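Biologist: Could you walk me through this one? I'd like to go through the ligands and a strand too.

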Amino acid sequence: MKLSVLSVASEAVPLVKTGGLADVAGALPAAVAPYGVAMTTLLPGYPAVMQAIGAKRNGGRTLHSYNSLLGEPARLVAAKLGGHPLIVLDAPNFFARPGSPYGDPAGKDWADNWRRYAALGRVAADLAGGAVKGRKFDLLHAHDWQAAMAPAYLRFAPVAKSRAVPSVMTIHNMAFQGHFGREIFGQLGLPKAAWSIEGVEYHKGVGFLKAGMEAASAVTTVSPTYAGEIRDPEFGMGLEGIITSRGDQVRGIVNGIDTAEWNPESDEALAANYSARTLAKRVANKRALEMVFGLEKGDGPIFIVVSRLTWQKGMDVLLEVIDHLVGIGGRLALLGSGDPAIEEDFRAAALRHPGRIGIRIGYDEALAHRMQGGGDAILVPSRFEPCGLTQLYGLAYGCVPVVARTGGLADTVIDANLAATAAGAGTGIQFAGVNYRALAMAVSRAVALYHQPDVWKAIQRNGMKADFSWSRSGKAYADLYQQLVAASR
Ligand code: ADP
Ligand code: GLC
């Protein structure tokens, strides 16, 4: 059966991105299309989005207008996202703001985020419920807390005459839950019945992600290992009870990568294109990387990091290990931004090790590609990682991942231990426990393996040959949609 699915997210490439969620939301329509799913994406009309779809000042094709959407005027504009249908929520009082999607230019979260993303959820539920003529959906797919009120509105306040539409709630990161004070409840436009433990109430306030998890027909997360981990308080962060209570309905579907965007054979950002058969050409990219990061030229390994600079990503532990990394002949090129104290510490480390440590604070998509194409190994020492995409890009580019054994990192990288090496299967290095000793040992192992060129090349090639395209996971989502739609009829 051909299905029509509405996917709602707060970011999607190529229009707006702060992290992996955007990669996934942007890739999903093409991922599920081969399996009979026509996906429409709903996104907030941030300035970058409005500009990209060329719909400034009431331009663009208006599908629907609201006099008051949680108190503000709004309209829905039809556009395209990579050839697939896109609907943009143009609500200037909510979204026409400078800064990131979630906060002001100084990095402080917008105080009315609850209202901005409740509005997004309301609109998604309206669309899925059939409020807009000519748009019919069989299922709603919501991503993360910013979209999580959509299943809740669908359950507790559907549009009049709406059919029962099943929904999927995907958790990309349990650490961000959208938890607000109880005083907002009265302004959400939900019936009193929604104020309950089975509804939106969470620790005496309103929990957006919690509400979506309760209301959705199925809950997924972005790797099988993380789906297991979030049953424990350490990873479930307060929501482990709901995960456990939903039992087998919580499944992990690992993210794919967009192999058109991330392909070393055709990537235009690279100084030299290459494949698993022509790894020697990577050296031109390595030389380019040394230039960009002000690193000494050398034959030793260059470790790279492309990351949000936060506690989740274990960046504080990497800072402790830097002297060791340099001491054993490694160099480091780091691109990222985040916690100001961590940024400052990396700057200081670069000053301490001129020519050995190069730092770029900021966000630079093309540079991220060049680093994967020229670096020897990518470090991902995350304390938790629902899926992680940079290790997948590393695998595709022959930039060997050195990862903590958690979440999607555990599921996507095969440690090149003795057994794996004998079987010709290793694709990277895994270490257990994000602490100085474990990371320092992993870095030492990487340097030692790097100096055995045949072994290292085999690891690179194994990773490059592995299939991390969306085909398997696109089918997994499509199968889940089909099951839920069949069960709802
Ligand atoms: P998360 O979503 O938790 O930040 P992921 O590994 O899933 O982690 O996704 C991060 C995405 O953001 C990847 O596409 C990565 O290349 C990109 N990225 C992260 N930091 C930067 C940066 N400073 N510049 C360019 N791209 C970045
Ligand atoms: C989140 C997670 C990351 C995951 C991404 C896309 O940002 O932190 O692990 O890859 O979402 O699902």
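**Working through the model**

Modeller: Let's start with Glu 234, which sits in helix H9, residues 233–236. Helices (H or I, at least four residues) and strands (E, at least two) are DSSP runs, numbered from the N terminus.

Biologist: Before we go on, what should I know about the model and the numbering?

Modeller: This is a predicted model, where local features need pLDDT of at least 70, side-chain atom pairs count only at pLDDT 80 or more, and totals for chains, interfaces and linings use all residues. Residues are numbered from 1 along each chain as its sequence is written, chains are lettered from A and ligands numbered from 1 in the order in which they are written, and side-chain values use heavy atoms, with hydrogens and water left out.

Biologist: OK, is Glu 234 buried or exposed?

Modeller: Exposed, because its relative accessible area is 61%. The cut-offs are under 20% for buried and over 50% for exposed, with partly exposed in between (1.4 Å probe, protein chains only).

Biologist: Switching to ligand 1, which residues are closest?

Modeller: Lys 17, Gly 20, Arg 308, Lys 313 and Gly 362, out of 20 residues that surround it. A residue counts as near if one of its heavy atoms lies within 4 Å.

Biologist: How much of ligand 1 does the protein bury?

Modeller: The protein buries 93% of the 560 Å² that ligand 1 exposes when taken alone. Those areas come from the Shrake-Rupley method with a 1.4 Å probe.

Biologist: Where does ligand 1 lie relative to the domains?

Modeller: Between domain 1 (3–256 + 471–488) and domain 2 (279–465), because both give residues to its shell. The domain bounds come from an automatic or database domain assignment. Strand E13 supplies the largest share of that shell, 3 residues.

Biologist: Now ligand 2. Which residues come nearest?

Modeller: His 172, Asn 255, Glu 385, Cys 387 and Gly 388, among 14 residues around ligand 2. A side-chain N or O atom of His 172 is 2.6 Å from an oxygen atom of the ligand.

Biologist: Which element gives the largest share of the shell around ligand 2?

Modeller: H1, with 3 residues. At the domain level, domain 1 and domain 2 each provide at least three residues of that shell.

Biologist: Last topic, strand E1. How many of its residues are buried?

Modeller: 6 of 6, across residues 3–8. Leu 3, Val 5 and Ser 7 point one way, while Ser 4, Leu 6 and Val 8 point the other way.

Biologist: What does E1 pair with?

Modeller: Strand E2, residues 37–44, which runs parallel to E1 and is joined to it by 6 bridges. Two strands pair if DSSP finds at least two bridges between them. Leu 3 has Val 37 as its bridge partner in E2.

Technical notes: A polar contact is a pair of N or O atoms within 3.5 Å; within protein, one must be able to donate a hydrogen and the other to accept it, and residues adjacent in sequence count only if both atoms are side-chain atoms.
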